[in-house]
Structures are given as structure tokens and as C-alpha cells.
Amino acid sequence: MSHPEPVAHRMYDLVEPIGLVPYFADESDEALMALGLRNVWDAYFAGRAAPLGRGVPAEVVHAIFYNFAPGEVARHLPRVWELTTPEAALAARERGCVAGMRRILGDLADDPAVARAGHLLLKAATSAPVEGRALYAALRALPVPQEPVARLWHAATLLREHRGDGHIVALVAEGIGGTEAHVLHALSAGMRPQDFGRVWHLPAAQLDAVIDGMRARGLVGSDGWLTTEGRATKDRVEALTDRLAEAPYHALTPTELDHLVADLEPISKTFRATFPM
């Protein structure tokens, strides 16, 4: 089997649908909310920040997550740790994600392909250097689940956050801030930022100020859409993100990579048919 596109980009298409389970499968939020959390954003921050531990200030989580508007993280952290613990949040998130995966996959959840894919994906996911990748490093410090569906989800989460840490490096290299990253993504997809799910809720003046700043730098034109330089900046960010995401897959032989792709394709296809990607 040949791989005409960069391996990290090909694997992103296969791994991302699994990594999105905590955000699109209701079971994850339900398991976390059962701990006494107040809303789904409590669940988001408790589940995703739990590997960092209780004592990390909101400002540090804001820096690591990168793309939340100022003050958004602090509305949830450290308050969620008054309601539950990182250990309980990690267990609930895994439990909910496995339940969601089993519901969506049906009989495929017990197919030997899940165990095979989880084994090879974990081999890749635990092989990359952790330097400069705070969230990936925190996840690497967690115990590895033994149950096949949980192991597959854990490996996908490791790779998603490894890629995410590298994506932040690419954004920083281009001088693109957290909210700007959402604007850049929305406009590149042909969507007005005011309609984009991650920033539509921001006060109009705050979002307009971000867009005005990008316009002043030549990234957004007077028509409100990306300029040639804006599109080139987006392309450079994505290309560097792919390059920085390659390292885990160096641990796999070409044959192992081909087997992994073959096993992941029907699994990822099932999630893609379910999630609004």
C-alpha cells in the first residue's frame, strides 16, 4: 500500500474521529456530570485538564490549551476540583468514552481489529519525545488501559494531544493567537467567524477587535475574508503541524503502518458517519 500524502495527515484523518469521542458522544459528558459538575463545560475542563492534576492554576491551563478566550478557563478551574477530583474525572471520562464507542461501533467494538489497532496505535502514541508538549507528556504519565476499546481510545487521545501541542507551536511560529486561530480556521472553511461554534458566543466587540487586528496585519481583507497572505499563513500552519506530528509513526514499520490503516479505516468511518465533522 502506498501513502501518497504525509503519513501524519493520513493518520490524522483516521485518528481524529476517535479522539473526538469525548466531545461528541454524550456518554462522556454524562459520566462526568454524574460527579456533580455544573455543566458540559465543567465536564470539558475537568476531563481534559485532569491529567495535569489539581494544583495547576487556570492561567497555566489557559496557556496549555491555547485557544480559549481570556477568562474562559478560569470560570471552570479550579472550581471543578471542589466538586470532584482529577482521578475521578479521568475514570469517568474513560468510562463514558468507552460506553460511547461501544454504542456507536456496535458489533465492531468486539472485532479483533479494535485490539490490533489499539496495540499498534499505542506503540506509536507512546514513542514520541515529550519535550515541549505539556499535555501530551501529562497523558503519557497516566496508566494505560488494558481493555481493547479503552486502549484504542487512550492511544487516539495521546496522538490527538501530541498533534495539538505541535499545532500550538505552529500557531506561535506564525504569530497567530488563540482566538485568531479560530477566526483563521473559520474563514479558511468559508464560514464567518460570527457563525463559528468556538467563538460565536464572544461579545461582538471582542471578536471584531480580533478580526481588526488580523486585518491590520494583512491576513483578512476589507471584504472580511482571508487575503492571499492569510491563506498562505493557514497553509504554513497546517504543513508545520503535519511535520511536527510525524514522530510517533516513525516507531512503526511500513508493514505495521499498512496494517494499522487497514484496521482503522472501518472504525474511523463509523465515527465519521456519526459525528458532525
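Visitor: Is Tyr66 buried or exposed?

Guide: Tyr66 counts as buried because its relative accessibility is 17%. Buried means under 20% relative accessible area, exposed over 50%, and partly exposed in between (1.4 Å probe, protein chains only). This is a predicted model, where local features need pLDDT of at least 70 and side-chain atom pairs count only at pLDDT 80 or more, while totals for chains, interfaces and linings use all residues. Residues are numbered from 1 along each chain as its sequence is written, and side-chain values use heavy atoms, with hydrogens and water left out.

Visitor: Where is Tyr66, and what is its phi?

Guide: Tyr66 sits in the loop between helix 5 and helix 6. Its phi is near 80°, a positive value in a residue other than glycine. Helices here are DSSP runs (H or I, at least four residues), as strands are (E, at least two), numbered from the N terminus.

Visitor: Which residues does the cis peptide bond join?

Guide: The cis bond joins Leu77 and Pro78, with omega about 5°. Pro78 is in the loop between helix 5 (58-65) and helix 6 (80-83).

Visitor: On to helix 7. What should its span be, and what is it in the model?

Guide: Helix 7 (residues 86-105) has 20 residues, so at 1.5 Å a residue it should span 28 Å; its end C-alpha atoms are 28 Å apart, which agrees. The expected span is 1.5 Å times one less than the number of residues.

Visitor: Which of its residues are buried?

Guide: In helix 7 the buried ones are Pro86, Ala89, Ala92, Arg93, Gly96, Cys97, Val98, Gly100, Met101, Ile104 and Leu105. An α-helix has 3.6 residues a turn, so residues three or four places apart point the same way.

Visitor: What follows helix 7?

Guide: Gly106 follows helix 7, and its phi is positive, near 60°.

Visitor: Now Glu161. Where is it, and is it buried or exposed?

Guide: Glu161 is in helix 10 (residues 148-173). Glu161 is buried, at a relative accessible area of 4%.

Visitor: What is Glu161 in contact with?

Guide: Setting aside neighbours within four places in sequence, Glu161 is in contact with Tyr23, Arg48, Leu135, Tyr136 and Leu139. Contact means heavy atoms within 4.5 Å.

Visitor: And His154, buried or exposed?

Guide: His154, also found in helix 10, counts as buried at 6% relative accessibility. With neighbours within four places in sequence left aside, His154 is in contact with Leu122, Leu139, Leu142, Pro143, Val144 and Pro145.

Visitor: What is the angle between helix 10 and helix 13?

Guide: About 140°, with the axes of helix 10 and helix 13 (residues 228-244) 8 Å apart. That makes helix 10 oblique to helix 13. Axes are lines fitted to C-alpha atoms, for helices over the stretch in contact, and angles run from 0 to 180 degrees between N-to-C directions. Angles under 35 degrees count as roughly parallel, over 145 as roughly antiparallel, 65 to 115 as roughly perpendicular and the rest as oblique.

Visitor: Which residues make that contact?

Guide: From helix 10, His162, Arg163, Gly166, His167, Val169, Ala170, Leu171 and Ala173; from helix 13, Val237, Glu238, Leu240, Thr241, Asp242 and Leu244.

Visitor: And helix 1 with helix 14, what angle?

Guide: Helix 1 (residues 7-19) packs on helix 14 at about 40°, with axes 8 Å apart. Helix 1 is therefore oblique to helix 14. Residues in the contact include Met11, Leu14 and Ile18 of helix 1 and Leu260, Leu264 and Phe271 of helix 14.

Visitor: Where does Asp263 lie, and is it buried or exposed?

Guide: Asp263 lies in helix 14 (residues 254-274). Asp263 is buried, with a relative accessible area of 10%. Apart from neighbours within four places in sequence, Asp263 is in contact with Ala113, Arg116 and Ala117.

Visitor: Last one, Ala247. Where is it, and what does it touch?

Guide: Ala247 is in the loop between helix 13 and helix 14. Ala247 is partly exposed, with a relative accessible area of 28%. Not counting residues up to four places away in sequence, Ala247 touches Ser127, Ala128 and Pro129.
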